[in-house]
Amino acid sequence: MLVLGIETSCDETGIALYDSQAGLIAHTLYSQVEMHADYGGVVPELASRDHVRKVLPLIDEVLLAAGKTKKQIDAVAYTAGPGLMGALLVGSAVAKGLAFALGIPSLGVHHMEGHLLAPMLEETPPEFPFVALLVSGGHTQLVKVGAVGDYVLMGDSLDDAAGEAFDKVAKMLGLDYPGGPQVARLAMQGDDRRFSFPRPMTDRPGLDFSFSGLKTFTLNTVHAHAVDGVLDEQTRADIAAAFEVAVVETLTIKCRRAIRDAGVKSLVIAGGVSANKRLRKQLEEMMLRERGKLFYARPEFCTDNGAMIAYAGCQRLVAGQREDLQLRAVARWPLEQLPALR
Ligand code: KG4
Ligand code: ZN
């Protein structure tokens with residue numbers, strides 16, 4: 001089954017073709033980052049309008065690259081949520097229009113299920129069951145995954161998501177949006193032992209996360225060391241390093257707890273923050289000590305992309321899941337509400 005995947009939940013237009021036999025055939029991505037950079041974050045209305053401009057040309061581009069025509073597509077998968085309502089509606093409308101015109105099924109995919117399954121696109125995919133750490137701009141969750149659609153939420157963020165904390169700390173340090181990669185780059189120049197930042201909620205049992213206190217601690221450190229509102233270069237880098245190490249260590253402690261609680265030896269990390277090198281290294285070392293293995297997607301499939309949506313949609317479509325032609329876009333959608341595959 002040849003599935004066209006459409007991702008438009010936020011500030012990236014991602015399009016891909018995934019075949020249930022041949023695997024990933026083609027994919028492309030257009031990032032709106034530059035457009036939103038002037039505003040220091042994603043402007044929802046601008047995002048929607050840009051998806052309108054990009055989605056059809058990108059579908060043509062992917063078909064051309066794959067040497068396929070629209071008529072060869074067997075089904076369309078699109079991100080139905082969670083995400084920005086206007087942006088989601090663009091992908092949903094295009095998917096439903098195409099499906100109607102071609103007389104093929106369409107299916108709304110959960111954005112975080114897409115992220116969670118993205119490591120399946122790699123050469124050595126994880127085997128079920130595993131624990132997944134979903135770390136993106138909007139989510140920090142630990143999920144026990146028994147199979148596609150069999151998700152048990154083990155831990156969740158009580159306030160800011162990890163990616164959101166990276167983005168806000170980037171702003172404090174005068175870095176552009178999206179902040180995660182920039183904070184990581186600056187942290188490489190820093191001494192991570194100069195400041196000791198808290199590891200929130202690691203001194204008590206449980207698997208929930210809270211990064212807002214760490215964010216405030218970072219802001220207070222910035223204020224304490226700024227001279228006339230300006231930080232010297234080394235202090236900026238040292239603060240970035242202290243923050244990154246605190247987030248990474250907090251996530252590592254919770255991941256170790258989660259795999260032990262779940263009794264599994266495989267850990268999957270997915271979502272934008274899973275591209276973070278320090279996080280990957282520390283989790284890899286931890287999993288080695290636990291005699292287990294860490295799995296993640298290539299960097300371009302950690303952040304938003306169409307390939308993960310085409311893949312996740314394909315699994316559900318092949319299993320026979322269908323929906324009607326009504327437009328579907330849901331801003332909030334708990335992962336656990338997804339139906340299991342039969
Ligand atoms: O998964 P994603 O592309 O979009 C959402 O679904 O939210 O994640 C974006 C988030 C942003 O907060 C960004 O700052 C963060 O992932 N991010 C990183 C890195 N790359 C992206 N955070 C830390 N280190 C990175 N290398
Ligand atoms: Zn995402």
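Reader: What comes after H9, and is its phi positive or negative?
Author: Arginine 291 follows H9, and its phi is positive, near 55 degrees. Keep in mind that this is a predicted model.

Reader: Ok. How far apart are the end C-alpha atoms of H9?
Author: They're 19 Å apart. The helix has 13 residues, 277–289, and at 1.5 Å a residue it should span 18 Å, so the two values agree.

Reader: Which residues of H9 are buried?
Author: Leu279, Arg280, Leu283, Met286 and Met287. They sit on the same side of H9, because they cover an arc of only 135 degrees around the axis.

Reader: And what do they pack against?
Author: Strand E6 (130–135), helix H8 (233–262), strand E9 (266–270) and strand E10 (293–296). On the face turned away from the buried side you'll find the exposed residues Lys277, Lys281, Leu288 and Arg289.

Reader: What caps the N-terminal end of H9?
Author: That's asparagine 276, with a side-chain oxygen 3.1 Å from the backbone nitrogen of arginine 278.

Reader: Which residue does the side chain of arginine 278 meet in a salt bridge?
Author: Aspartate 192, at 3.3 Å from N to O. That pair links distant parts of the chain: aspartate 192 is in the loop between helix H6 (179–187) and helix H7 (212–225), 86 residues from arginine 278 in helix H9.

Reader: What about lysine 281, which residue is its salt bridge with?
Author: Glutamate 285, with the closest N and O atoms 3.3 Å apart. Lysine 281 is exposed at 53% relative accessible area, while glutamate 285 counts as partly exposed at 36%.

Reader: How many salt bridges does the count come to?
Author: The count comes to 19. One of them joins arginine 194 and aspartate 238, with the closest N and O atoms 2.8 Å apart. Arginine 194 lies in the loop between H6 and H7 and aspartate 238 in helix H8, so this pair ties together parts 44 residues apart in sequence.

Reader: New topic: what coordinates the zinc ion?
Author: His111 (NE2), His115 (NE2) and Asp304 (OD) coordinate the zinc ion (ligand 2), at 2.0 to 2.1 Å. Histidine 115 is in helix H4 (residues 111–117) and aspartate 304 in the loop between E10 and helix H10 (306–318), so that pair ties together parts 189 residues apart in sequence.

Reader: Are histidine 115 and aspartate 304 buried or exposed?
Author: Both are buried.

Definitions and conventions: Residues numbered from 1 in each chain as written. Chains lettered and ligands numbered in written order. Predicted model: local features only at pLDDT ≥ 70, side-chain atom pairs only at ≥ 80, totals over all residues. Heavy atoms only, no water. Helix = DSSP H or I, 4+ residues; strand = E, 2+ residues; numbered from the N terminus. Expected span 1.5 Å × (residues − 1). Buried < 20%, exposed > 50% of the residue type's maximum accessible area, 1.4 Å probe, protein only. Arc of directions from axis to C-beta. Contact = heavy atoms within 4.5 Å. Polar contact = N/O pair within 3.5 Å; in protein donor to acceptor, adjacent residues only side chain to side chain. Donors = N, O, S within 2.8 Å, 3.2 Å for Na, K, Ca; no water. Salt bridge = Lys/Arg side-chain N within 4 Å of Asp/Glu carboxyl O.
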